[in-house]
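Please consult the sequence and the structure shown here while reading.

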Amino acid sequence: MLRSSQPLTGPNRKRCREDEMLLGSVLDEGERGFIIDTRSAQAAKQARMTGGGTEPKSSYLQWKRLHRPLERGRPLQESFIKLVEACNDTSINMDRWLSRLESCRWLSHVKAALSTACLAAQCMDREEASVLVHGAEGTDTTLLVTALAQVILDPSCRTLAGFQGLLQREWIEAGHPFHLRCARSAYSHARLKQEAPLFLLFLDCVWQLSRQFPFSLEFSERLLLTLFDNAYASAYGTFLCNNEKERQAGREGLPCQTGQSKALLENTHSLWAWLNQPGEKKKYLNPLYSHNALVIWPSVEPQSIQLWQDLFFRWIRSSQHLDEAWAKIQQLVEGN
């Protein structure tokens, strides 16, 4: 599996021989690969007018391009805001609630992300083909798809340590701009142009996997909630800045775009180090976990996608009873 940003073909359909050679080297003679573009064909065509674009078929003969458009940016942020507002409104009746849940389209975004990740996983597992995933810059929906596909395919990514490594590799080091995307949250009256809950969408999709395969993920829902909290407001440095370049600038004592002027890595603590302390680690483990070496194929039927209630209702409904139930399950498992 490969990931990248869009090729810069531009309106004149420029070619890049190095890119063509690179992708050609991935495939042996007679093999084929799939390029999954997370933009619509129309969006990719429009991007060509501003210098971007997509791979021309004539230059990538062994590759088949598939467009699977995923929302990003303002539409996704507005969907998140509408969902939070609906969840916090305790005065609405059932019909009104269902109408608002449908109109926000959040569950449709979850379904679309899972469907695209399944497509990438199927190309690799069932077609035994190489897959290149990209959107525009390769730092948002691209990472969403590649990270989800790895959770579906690779049992090591479903362990606590493996999942942390996946986040570090596919989101942090690959340059997802956490500072820009998670600057305000859904409660802010500001509507920042570059804010969008892509990482939250990923966590929601992983929660859907954990619900459909309750024995296959070593970590619990509590870890996903903790990651959501730390992406938006954290005492740790793991999700600070927008990319590795800014973090390196912080490390050298230079100001990065977040306004940090002190050495970033030397003057902040790692979230992973805190989570992996023996006393803390235990809190985030799934007591029902049993190693599953198989690929887990989630259902993406509308009836199978559910609202993540313990996240979106957490501010109006206590989780005490659920926490007590999980503690009891853990005691029973440890007793055996």
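## Cavity

On a 1 Å grid over the protein atoms alone, a cavity is a set of points where a 1.4 Å probe fits but cannot get out; lining residues have an atom within 4 Å of a point. Grid points are joined across faces, edges and corners, and a volume is the space filled by probe spheres set on the points. The largest cavity has a volume of about 30 Å³.

Its lining consists of Ile-35, Glu-55, Pro-56, Lys-57, Tyr-60, Trp-63 and Arg-65. By class, this lining has four nonpolar, no polar and three charged residues (nonpolar: Ala, Val, Leu, Ile, Met, Phe, Trp, Tyr, Cys and Pro; charged: Asp, Glu, Lys and Arg; polar: the others, Gly among them).

## Basis of the model

The model is predicted: local features need pLDDT of at least 70, and side-chain atom pairs count only at pLDDT 80 or more, whereas totals for chains, interfaces and linings use all residues. Residues are numbered from 1 along each chain as its sequence is written, and side-chain values use heavy atoms, with hydrogens and water left out.

## Overall form

The chain contains 16 helices and four strands (DSSP runs numbered from the N terminus: helices H or I, at least four residues; strands E, at least two). Along its principal axes, the C-alpha trace spans about 60 × 50 × 45 Å.

Of the 336 residues in the chain, 46% are buried (under 20% relative accessible area, 1.4 Å probe, protein chains only).

Definitions and conventions:
On a 1 Å grid over the protein atoms alone, a cavity is a set of points where a 1.4 Å probe fits but cannot get out, and a pocket is an open set with protein on both sides within 12 Å along at least five of seven lines; lining residues have an atom within 4 Å of a point. Buried means under 20% relative accessible area, exposed over 50%, partly exposed in between (1.4 Å probe, protein chains only).
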